[in-house]
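I opened this notebook to keep track of what I looked up in one structure.

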Amino acid sequence: MPLTVEAARERVLDIAGIRVICNFLDDVYAVEKMLLQQADVTLVKRKDYIEQAKANGYRSLHLVVKVPIFLSGSTEEIPVEIQLRTVAMDYWASLEHMLRYKNKDSNTQQYAAMLLDCATTLADTEKKMLFIREHIEE
């Protein structure tokens, strides 16, 4: 790949990023739906790590969208990565990030296994809490 501005524009899809933290699982998909209904937002790529979690337990909905930016003499569309997740997913991801990038302990594999178990527990808890909320709102 040549090191040019044009090559970077074609291949770098996360030059800007936003993380949206929602209270409930269905809020993640509601925000996605509202966002993609915007006339000036174009979906480029979608990765649903909620439906299909990563092997380590990571869960989040990743969207790459193109949005207009307004320059002094023109408008350009740039890609923006949007990560949509719940409070529990964000809490888990913060600890996993610490384990992966800031850990000096020798028990990394043990902690990774514990985190995977936590991811499963949190996912189950989120489903139960959503069930309760839905029935309260009826």
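The entries below follow that order.

**Entry 1: the model**

I noted at the start that this is a predicted model.

**Entry 2: the cavity**

I began with closed spaces. Rolling a probe the size of a water molecule over the atoms shows where empty space is left. How many cavities of 30 Å³ or more does the structure hold? I found one. The space in this largest cavity is about 50 Å³.

I then listed the residues that line the largest cavity: Gly57, Arg59, Ala88, Met89, Trp92, Ala119, Leu122 and Glu126. I sorted the lining of the largest cavity by class and wrote down five nonpolar residues, two charged and one polar.

**Entry 3: the largest pocket**

Next I turned to open spaces. I recorded a volume of about 300 Å³ for the largest pocket. Its lining has 14 residues, and Tyr58, Arg85, Ala93, Glu96 and His97 are the closest to the centre. The elements that give two or more residues to the lining are β4 (75-86) and α3.

Which element gives the largest share of the lining of the largest pocket? I found that α3 does, with seven residues. By class, the lining of the largest pocket has six charged residues, five polar and three nonpolar.

**Entry 4: a patch on the surface**

I checked Ile136, which has its place in helix α4. Is Ile136 buried or exposed? Its relative accessibility is 65%, so Ile136 counts as exposed; the cut-off for exposed is over 50%.

**Entry 5: charged pairs around the pocket residues**

Side chains of opposite charge can pair when their charged atoms come close. I counted eight salt bridges in the structure.

I started with Arg85, one of the residues closest to the centre of the largest pocket. Arg85 forms a salt bridge with Asp90, and their closest N and O atoms are 3.0 Å apart. I looked up both partners, and Asp90 and Arg85 are both buried.

Glu96 is another name from the pocket list. The side chain of Glu96 meets that of Arg100 in a salt bridge, at 2.9 Å from N to O. Why are Glu96 and Arg100 separated by about one helical turn? I noted that they are four residues apart in helix α3, and therefore about one helical turn lies between them. Glu96 counts as buried because its relative accessibility is 13%, and buried means under 20%.

**Entry 6: charged pairs in α4**

I went back to α4 for the last pair. Glu137 and Arg133 meet through their side chains in a salt bridge of 3.6 Å, N to O. They are four residues apart in helix α4, so about one helical turn separates them.

Which of the partners is buried? I found that Arg133 is buried, with a relative accessible area of 16%. Glu137 counts as exposed, at 56% relative accessibility. Both belong to one network, in which salt bridges that share partners join Asp26, Asp27, Arg133 and Glu137.

How values were computed. Residues numbered from 1 in each chain as written. Predicted model: local features only at pLDDT ≥ 70, side-chain atom pairs only at ≥ 80, totals over all residues. Heavy atoms only, no water. 1 Å grid on protein atoms, 1.4 Å probe; cavity = no way out; pocket = protein on both sides within 12 Å on 5 of 7 lines; lining within 4 Å. Points joined across faces, edges and corners; volume = space filled by probe spheres on them. Nonpolar A, V, L, I, M, F, W, Y, C, P; charged D, E, K, R; others polar. Buried < 20%, exposed > 50% of the residue type's maximum accessible area, 1.4 Å probe, protein only. Salt bridge = Lys/Arg side-chain N within 4 Å of Asp/Glu carboxyl O.
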